[in-house]
Amino acid sequence: MPPPFQGGENVVKTTCAYCGVGCGIVATPTGDRTATIAGDPDHPANHGKLCSKGTHLGETIGLEGRLLRPMIGRRRASWDKALDLVAKRFRDTIANHGPNSVAFYVSGQLLTEDYYVANKLMKGFIGSANIDTNSRLCMSSAVAGHMRAFGEDIVPASYDDLDATDLIVLVGSNTAWCHPIVYQRIQAARASRGTKLVVIDPRRTETADEADLHLAIRPGTDVALMHGLLAWCRANGAVDPAYMSAHVAVPDGFWEPFGEGSDLWSTARICDVAPDDLRRFYDLFAATPRTVTMFSQGVNQSLSGTDQVNAIINLHLATGRIGKPGGAPFSITGQPNAMGGREVGGLASTLAAHMDFAPDNVARVARFWAAPNMATKPGLKAVDLFRELGHGRIKALWVMATNPAVSMPDAGRVREALAGCPFVVVSDVIEKTDTSVHAHVRLPAAAWGEKDGTVTNSDRTISRQRAFLPLPGEVRPDWWIVKEVGRRMGWKTAFAYDRPAEIWREHCRLSTYENRGERLFALPGQASAGNAAYGDMAPFRWGGTPFADGRYSTADGRARLVPVAQKRLAKPLADWPMTLNTGRYRDHWHSMTRTGLSPKLARHREEPLVEVHPDDAAALRLTDGGLARVATPQGESLFRVRIADTQRRGELFTPIHWTDRTATGGRTGLLPRPLADPISGQPGFKATPASIVPVATAWRGFLIVAGDADIRPECLWATRIAVPCGVAWDLAGNGDAARLDAVLPAGQRLEAIDAARGMRRIAILRDDRLVAALFVTRDGSLPPRDWLVSQLAEPHAAPTLLAGRAPGVQVDRGPIVCACFDVGLITIVSAIAAQKLTDVAAIGGALKAGTNCGSCRPALAKLLTEGAIHAA
Ligand SMILES: Nc1nc2c(c(=O)[nH]1)N[C@H]1C(S)=C(S)[C@@H](COP(=O)(O)OP(=O)(O)OC[C@H]3O[C@@H](n4cnc5c(=O)[nH]c(N)nc54)[C@H](O)[C@@H]3O)O[C@H]1N2
Ligand SMILES: Nc1nc2c(c(=O)[nH]1)N[C@H]1C(S)=C(S)[C@@H](COP(=O)(O)OP(=O)(O)OC[C@H]3O[C@@H](n4cnc5c(=O)[nH]c(N)nc54)[C@H](O)[C@@H]3O)O[C@H]1N2
Ligand code: SF4
Ligand SMILES: [Mo]
């Protein structure tokens, strides 16, 4: 059993459940399953700030939808039975088909201790390296790029560099939405120091909106852009020959493709940007020695991801902008423990503690673990792993803390592969996910707030996650589940852990084991920390300022310039003329198993949208707010159209968050190709040939239901959000809308039905309380939903329910912009006009909007400029 919960009345310091910024949180339990959440003023990543997602974590710690007991098929099972079955099926499969017939697919959302035990079990004891992680989809190109350039996967930057730099270049990163606290730090540096910001992204995101310069490059042309910049630096005296001759190995012929000068015009043509803009960027970069280049998925998630990473690193090495305050290439990580996963070696292509599969490393780790069946070569990377699953060559799979049926490319095939696998185990906190519906055994894992361990953020800062809630039902932490299976497979002493601190110490010992400085990753001193010191551990960054002395982790101590070339871009295909780009929304996290529980976070984007340029929309007869079918050779799904001049012509953008649980459409994962970068194995999620056609519907409507009832309306378009006291579905379809009545719960029924006009309004009451409301229209007239939603909370429903509004006058606030203070678009635009507000601070003064977490400040700034345009 894990040690008992010790949260109690106390204030507990922990780390945010979401992104790789790794913000510190102070949680104060206020009841059985409630807590107040605040930013930790002492944490170096956020100094007390939190973004919208972190701020609303308290809304997501209830037990709705949780998996609370082990399940074998649809039956509850004891832990003993479930664990024995998992151990036996893995053992039998290995005995019959060898160790490479089984696999683990794990996650950057595991804690370091969980990750360490899973990696040790697979690579040292089962004897295969078939353990890969969703980080393969996330930053494996950065890992591969670091290894090629530095000889070790080191992120040579820290957030402090943002305070000390003069130019920040964001490449393929929507930082304002995806790493909001880092973005606030960037904005602070701009305000205090005049730091310049350049954003390179085919879309004009909110991040790009506020930049000094935005280059909306043609997707997939980052190598050309960076290559052109290196040529420009060379021609303009911005390279650092002294640094290169002392610390960088330049392969023969590296400079040949660069020619004599710099061909700005052809680069501008390839990247499809104005030559003047390109020149501004190149001049600024060449003239600014303190530069930080931050990159994320626009760079990594590409079929040339590793080359794109090295094109960026080449620039920093050649200009000597590395290992110095305010000068570094900076791969920002997505998940809370993406970096911890790299440290334990959780990828199929790495071994452990920053060691690869070189024979002396294999021998060293085998000695350290006293491993009976050491894996000697890399295992299957995610895309290959699921392909082999589909071919029947992986016969037992254990998925932990990830939802591949949603997030893998070509997710339709992934679902088929899961459905066909003889034995699938899923460890998750949620009862029913698109992946776990295929599981033979479901194991209930402890969630954020219940589990204890460490995470490492983007800048190598290791922080504790601590429990402040008791373990509900029979849930157990992931490390406990894995070590129990290890013990039951026969390795009792190797997996004899009683608490995360023991695993932490072993991980730290391995980091320094026979390490005389060959590996920068080392946690000396930690290995002897007692349980109390582990309990009290304050956040710390390992590695100091890597490469400050110019020594790299290669055999000769030199970094490498890596020759890379821009790939020729394929011409658009006749049947698939569009290019599909995919990514994230500000207030949702991946498959929404947590953010989907928060009514506040639901308001920013309520439905999955496909964003299309106005010219494409006109040519393809797409209407704003209408539905459209996006198709690729892999699959198709419905989305609601948003016409947006922030898109480039010919390109579509869809979000990754919607699943079978939350919508009939919006299934982005079905669309990308199962193709990956040949070096890193990271899929190219950002550019898939696609088509789009409008889809007509005869009626639309909404359904509101009290509580967390598992109701699912059957129609063409149905998307769900959490609302206070219940859920709301947006609906649209063809045919007879009366079919929808079947999902309504029992109770007293009020109805107004006008068959001729296609209007149906039905309210269900129980003891005078509203429990459900279904409104459908053919002619487009629907009342705003908000008032009806507020009726779910009333002890006595208003008599005007079927009118959909309160007796008297109403004000429509419009879509919510500021989630913290519930301030709507219409309220803000009216206040800007009426009170002549001219900056974000003034809006805050008038309406409070933007004064708490600050995540909506870019949106407010945009409304101010749009307001100015309207006024003019
Ligand atoms: N709100 C929110 N925040 C998150 C997450 C979340 O789910 N929600 N997830 C976390 C995780 S795991 C991750 S990995 C990060 C991801 O964080 P980001 O990488 O910032 O997010 P994405 O939206 O995936 O993609 C970033 C941008 O890449 C651009 N892009 C597409 N193609 C190209 C190209 O060819 N070149 C260039 N230069 N840019 C291109 C896209 O238009 C997009 O705006 O976010 C983390 N933070
Ligand atoms: N098209 C497209 N696809 C993408 C991307 C993209 O940009 N475009 N981005 C990719 C990237 S960068 C990422 S990181 C992935 C993310 O994709 P996933 O990892 O599939 O997404 P999540 O929804 O975060 O899945 C986490 C699961 O773990 C569960 N969970 C949460 N906490 C715990 C825990 O402590 N223990 C256990 N056992 N389970 C837990 C959650 O309930 C959830 O089911 O998506 C990738 N897929
Ligand atoms: S930026 Fe937001 S989501 Fe990321 S760690 Fe901080 S509070 Fe959490
Ligand atoms: Mo990610």
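**Burial, ring contacts and overall shape in a predicted model**

Biologist: Is helix α4 of this predicted model enclosed or open, and how many of its 11 residues are buried?

Modeller: Helix α4 covers residues 140-150 and is largely enclosed by the rest of the structure, because most of its residues count as buried: 9 of the 11. Buried here means under 20% relative accessible area, exposed means over 50% and partly exposed is in between, with a 1.4 Å probe and protein chains only. Helices are DSSP runs of H or I with at least four residues, strands are runs of E with at least two, and both are numbered from the N terminus. The count asked for is 9 of 11.

Biologist: What conventions apply to numbering and confidence?

Modeller: Residues are numbered from 1 along each chain as its sequence is written, and chains are lettered from A and ligands numbered from 1 in the order in which they are written. The model is predicted, so local features need pLDDT of at least 70 and side-chain atom pairs count only at pLDDT 80 or more, while totals for chains, interfaces and linings use all residues, and side-chain values use heavy atoms, with hydrogens and water left out.

Biologist: Which elements do the buried residues of α4 pack against?

Modeller: The buried set includes S140, V143, H146 and F150. Contact means heavy atoms within 4.5 Å. Just after the helix, G151 takes a positive phi of about 80°. The packing partners are β12 (291-295), α13 (297-300), α14 (305-318), β13 (328-331), α15 (338-344) and β20 (559-560).

Biologist: Where does R605 lie, and which residues does R605 touch?

Modeller: R605 is in the loop between α23 (599-602) and β22 (609-612), and R605 is buried, with a relative accessible area of 14%. Leaving out residues up to four places away in sequence, R605 touches W177, Y585, H588, R642 and W658.

Biologist: Which ring does the charged end of R605 sit over?

Modeller: A charge sits over a ring if NZ of Lys or CZ of Arg is within 6 Å of the ring centre and within 35 degrees of the ring normal. R460 lies over the face of W542, at 5.8 Å from the ring centre. For R605 the distance is 5.7 Å, and the ring is that of Y585.

Biologist: How many aromatic pairs does the structure hold, and what is the geometry of Y105 and F386?

Modeller: Rings of Phe, Tyr and Trp (its six-membered ring) pair if their centres lie within 6.5 Å; planes under 30 degrees apart count as stacked, over 60 as edge-to-face and the rest as tilted. The structure holds 28 such pairs. Y105 and F386 are 5.1 Å apart centre to centre with 90° between the planes, which is edge-to-face. This pair links strand β6 (residues 102-106) to helix α17 (residues 382-390), 281 residues apart.

Biologist: What is the radius of gyration of the protein chain?

Modeller: The secondary structure comes to 28 helices and 34 strands. The radius is taken over C-alpha atoms, and the globule rule is 2.2 Å times the number of residues to the power 0.38. For 872 residues the rule gives 29 Å, and the chain is close to that, so it is as compact as a globular protein of that length, with a radius of gyration of 27 Å.
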